[in-house]
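Hi,

Here is the structure I promised to pass on. Have a look at it, and then read my notes below.

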Amino acid sequence: MFGDGVAVEALLREAGADAAGALWRLTGTERQLDANVVRLRPGAAVAAHVEPDLDVLVLGLAGRGTLRCAGVEHALEPGALRLLPRGAERAVAAGAEGVAYLTVHRRRPGLTVRPRP
């Protein structure tokens, strides 16, 4: 580990079985990437949505689930690696034991106020 690194097994164990959502986020103001470790409880889902601007890399860490991208379902399990291209509809559904996964994408620029054209 380095920088904002995390030991994933310890993170999942220490978070407790009921913890869900983003359990860890990459921090720091000078970084170029965003990364999150996300856990969904058994049967939970992230509804279908489209990310118009960013490609997202997803890596299964623990548990089992389904990742749907552009209408195609893929197993989301430890070691499964998928690229979700920008503009493609995607959704995640946890299986009976829940699922944990890592997401990585280019960092979104901060909001800026611009003068009217």
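**What I found**

Strands β4 (residues 56-69) and β5 (residues 72-76) are paired antiparallel, with five bridges between them. Within that pair, threonine 66 sits opposite alanine 75 of β5. The hairpin that joins β4 and β5 has two residues between the strands, and alanine 70 there has a positive phi near 55°. Keep in mind that this is a predicted model.

Carry on past β5 and you come to proline 78, in the loop between β5 and β6. Leaving out residues up to four places away in sequence, proline 78 touches Gly60, Leu61, Ala62, Gly63 and Arg64. Proline 78 is also 8.4 Å from alanine 100, C-alpha to C-alpha, with 22 residues separating the two in sequence.

Next is strand β6 (residues 81-84), where you'll find leucine 81. Leucine 81 has a relative accessible area of 53%, so it counts as exposed, the cut-off being over 50%. Together with Leu57 and Leu83, Leu81 makes a nonpolar surface patch of about 280 Å² of accessible area.

Now back towards the start of the chain. Helix α1 (residues 8-15) has buried residues Ala10, Leu11 and Leu12. Among the elements covering the buried residues of α1 are β1 (21-25), β2 (33-40), β4 and β7 (89-106).

Cheers

How values were computed
Residues numbered from 1 in each chain as written. Predicted model: local features only at pLDDT ≥ 70, side-chain atom pairs only at ≥ 80, totals over all residues. Heavy atoms only, no water. Patch = residues over 30% accessible without salt bridge, like charges linked within 9 Å, V, L, I, M, F, W, Y side chains within 5 Å. Areas by Shrake-Rupley, 256 points an atom, 1.4 Å probe, with all protein chains shown as cover. Salt bridge = Lys/Arg side-chain N within 4 Å of Asp/Glu carboxyl O. Helix = DSSP H or I, 4+ residues; strand = E, 2+ residues; numbered from the N terminus. Buried < 20%, exposed > 50% of the residue type's maximum accessible area, 1.4 Å probe, protein only. Pairing = 2+ DSSP bridges. Contact = heavy atoms within 4.5 Å.
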